[in-house]
Amino acid sequence: AEKKIDRTQLVVIGAGPGGYAAAFKAVELGLSVTLIDPEINPGGVCLHRGCIPSKALLHVAKLVSEAEESEAIGVRFVKPTIDVAQVRDWKNGVVETLTGGLGNKVKKLKITYLRGTAQFKDSHTLNLSLVDGVTRELAFDQAILATGSRPIMLPNIAADSQRIIDSTGALDLVDVPESLLVIGGGYIGLELGSAYAAMGSKVSVVEMTNGLLPGCDRDLVSVLKRRLEKKFASILLNTKVVDLKEQKGSVQVTLEDKQGEQTSKRFKKVLIAIGRKPNTESLGLENTTIVKDKKNFIVVDGQQRTAEPHIFAIGDIAGEPMLAHKAYAEASVAAEAAVGRKAVFDPRAIPAVVFTDPEIAWCGLTESAAREQKIKIKTAKIPWRGNGRALTLGRDDGMTKLIVDPETDRLLGMAVAGPGAGELIAEGVVAMEMAAVSEDLRQSIHPHPTLSETVFDAAQMFFKP
Ligand code: FAD
């Protein structure tokens, strides 16, 4: 049955961190909003099958490794055992609490939430296919696109394989396989690999380039790699997967090294984590004048406007970095722009955190990027072995690094490896947004004994008497 519904002032397509944040903000600013997503509740990838469930599993990993490692300081536990079903239920419960909370907020704010997908009929009308089978047209004054991204799969791999899985399959936690090969040494592969290793899988990682976390500061990666080498069965760099075959209860994998030499190995499961691509194909963009770039991201201006000035795009579909907090920040800009405010997306620093053990985090310019781009910098590096708090935690393997402009002393970037790095990096973000110089960090009193004192100590290194 086809039924025409009322026109909406603002339609938001996709209810992930970008979409729900944009809808909430737009309502606050006085617009009437329709939000469209196939899921029962808002949350998108981040809450349903990304950030939140992965951090729940990584918490399990943390408990296991702390129990194992506490022996070194004289505290002995019996060997931890994992009740997979209970862990899965707990993780699902966390997700339901959060997404249910968002669902309630949508109702409270009187946002019209339609379960289904949307496609442009033209630049002022959408075709909606709702999950109850109804199709409708929806006319809108303005639109915000926030349809996110999905995993890239290797070609010729059946999507319904039980043994060759993507991040969503890994987070479903069907079981803890005896052996797991993670294809891709990016943050998603390393986080999920760490979780499975702690739960008892023998995890191997294969990465095509010459290092884990391509693009990340090498000092941070080396801190992480030292520890991962103890947790993982193997880390194969400069190696690619040339063939995958599911057979007799396992997966036969053919690997090829840089010299072209091939080896064959068997794993119970294979996790493909080779990157993500924006969901821009099935939106009917061809019925508008919206422009995509070579990687299929939607091209936007500083206000998140697409080539159609009344249509905005935010979050993973609007380009790198594909992170939830970037989506939130862009959501706010787009909603404000939609009511005519002069907001622009112009962050000094978007933080990035890898929630492995140790965590690694950075914001602003990285030392590796500065060297590549020949930007003049001064760096200060503080290893954590001299930090009181790190030693009382039984962890001295961390590192804090500050990067400043040698002429102005202004903070250009911060990088941290160690437990809690993801929390510590927020100081760097605020400092950069406030245009801090290293003296500002040095003059700010940091609590003792904490890991944050390593930031103070690093700033101290720039002091010129
Ligand atoms: P999404 O969250 O992708 O949401 C898009 C929504 O749009 C989805 O619900 C989708 O169903 C819906 N949709 C798609 N097409 C249509 C359509 N045609 N009509 C209607 N609805 C549609 N980021 C972090 O910052 N920190 C982390 O720790 C982190 N961990 C992650 C771990 C994993 C395993 C993964 C996969 C990702 C992780 N991310 C993390 C990335 C983060 O999930 C994304 O950056 C974030 O979800 C992007 O938000 P978004 O609003 O752009 O889109």
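Which residues in α1 meet which residues in α8? Pro17, Gly18, Ala21, Ala22, Lys25 and Ala26 in α1 meet Ala324, Ala327, Tyr328, Glu330, Ala331, Ser332, Ala334, Ala335 and Ala338 in α8, a contact being a pair of C-beta atoms, placed from the backbone, within 7 Å. By class, this contact of α1 with α8 has 11 nonpolar, two polar and two charged residues (Ala, Val, Leu, Ile, Met, Phe, Trp, Tyr, Cys and Pro count as nonpolar, Asp, Glu, Lys and Arg as charged, the others, Gly among them, as polar).

The model is predicted: local features need pLDDT of at least 70, side-chain atom pairs count only at pLDDT 80 or more, and totals for chains, interfaces and linings use all residues. Residues are numbered from 1 along each chain as its sequence is written. Helices (H or I, at least four residues) and strands (E, at least two) are DSSP runs, numbered from the N terminus.

Helix α3 (residues 51–69) packs against helix α6 (residues 187–199) at an angle of about 45°, with axes 8 Å apart; axes are lines fitted to C-alpha atoms, for helices over the stretch in contact, and angles run from 0 to 180 degrees between N-to-C directions. The contact of α3 with α6 comprises nine nonpolar, three polar and one charged residue, among them Leu57 in α3 and Leu192 in α6.

Six bridges join β13 (residues 250–256) to β14, and Glu256 has Gln262 in β14 as its bridge partner.

Note on methods: Contact = placed C-beta atoms within 7 Å. Pairing = 2+ DSSP bridges.
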